[in-house]
Amino acid sequence: MAELRVKSRSELRRARRRQGHSCWDHLIVAPLWAQHGANLGTLLRTCDAVGACMAVPSHDWVKNALRKGNTLPGPSCIHRVGNPQNWLLKQRERGSHIIGVELAEGATRLGDLPPARGRTVVVLGHEFSGIPSDTLHLLDEAVEIPMIGRGASLNVAVAGSLVLYRLAGLA
């Protein structure tokens, strides 16, 4: 194996965008029922890395979590959501492909998920109870992340990051 050379910070900076992206309106991750605020800041960093936006509920704790967890310089693309079901209905009317990250019969395995070809919304549920059952009918597709460990699910930041990288065509 050839000797590895780690890229310098200046090389990395030259290869990346100089500033945050504006809303590209292509890939939106929606942790609408997230349980832990720390996960939102981590997921926001992934959004920046793959060129995605984030849609979040308009709760005070969410604003504080994003403010605390966002360590990126400058603003990020964040959409505020009132009622999650109404927001998802509007996304469907706009022609968005709505994917829920959920353990469900007939779900697409993460490794089989193709890159997004059009406007795509990735819905993430509560880390314990998932996406509410009264919302499942709004999904066009479910994607599951296979696991062999003891845990029932990954946290919102990890699950969302894996799916975003796949949909962005980067994994």
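Cys-53 and Cys-77 are both buried. The model described here is predicted. Its 1 disulfide joins these two residues, with a distance of 2.5 Å from S to S. Cys-53 belongs to strand E2 (residues 53–57), while Cys-77 sits in the loop between helix H3 (60–69) and strand E3 (78–81); the pair links distant parts of the chain, 24 residues apart. The torsion about the S-S bond is about 85°, so the disulfide is right-handed. A disulfide is a covalent bond between the sulfur atoms of two cysteines.

Cys-47 has a relative accessibility of 1%, and because the limit for burial is 20%, Cys-47 counts as buried.

Cys-47 is also one of the buried residues of helix H2. This helix covers residues 37–50, which makes 14 residues, and reaches 21 Å from its first C-alpha to its last, close to the 20 Å expected. Its other buried residues include Leu-40, Leu-43, Leu-44 and Val-50. An α-helix has 3.6 residues a turn, so residues three or four places apart point the same way. Just after H2 comes Gly-51, which takes a positive phi of about 80°.

Strand E1 is next. Is E1 mostly covered or mostly exposed? E1 is mostly covered, with 5 of its 5 residues buried. Leu-27, Val-29 and Pro-31 point one way from the strand, and Ile-28 and Ala-30 point the other way. In a regular strand the side chains alternate between the two faces of the sheet.

E1 has pairing partners in E6 and E2. It runs parallel to E6, and 5 bridges join the two; here Ile-28 stands opposite Val-121. E1 also runs parallel to E2, to which 2 bridges join it. In E2 the bridge partner of Ile-28 is Cys-53, the residue that the disulfide joins to Cys-77.

Leaving aside residues up to four places away in sequence, Val-29 touches, among others, Leu-43 and Cys-47, Cys-53 and Met-54, Val-122 and Leu-124, and Leu-164. In soluble globular proteins, nonpolar side chains tend to be buried together.

Strand E4 (residues 97–101) and strand E7 (residues 141–144) run parallel and are joined by 3 bridges, with Glu-141 as the E7 partner of Ile-99. Strand E5 (residues 108–109) also runs parallel to E7, through 2 bridges, and there Arg-109 has Glu-144 as its partner.

Between E6 and E7 is a loop that holds Pro-132. At 23% relative accessibility, Pro-132 counts as partly exposed.

Definitions and conventions:
Residues are numbered from 1 along each chain as its sequence is written. This is a predicted model: local features need pLDDT of at least 70, side-chain atom pairs count only at pLDDT 80 or more; totals for chains, interfaces and linings use all residues. Side-chain values use heavy atoms; hydrogens and water are left out. A disulfide is a pair of cysteine sulfur atoms within 2.5 Å. Helices (H or I, at least four residues) and strands (E, at least two) are DSSP runs, numbered from the N terminus. Buried means under 20% relative accessible area, exposed over 50%, partly exposed in between (1.4 Å probe, protein chains only). Two strands pair if DSSP finds at least two bridges between them. The expected span of a helix is 1.5 Å times one less than its number of residues. Contact means heavy atoms within 4.5 Å.
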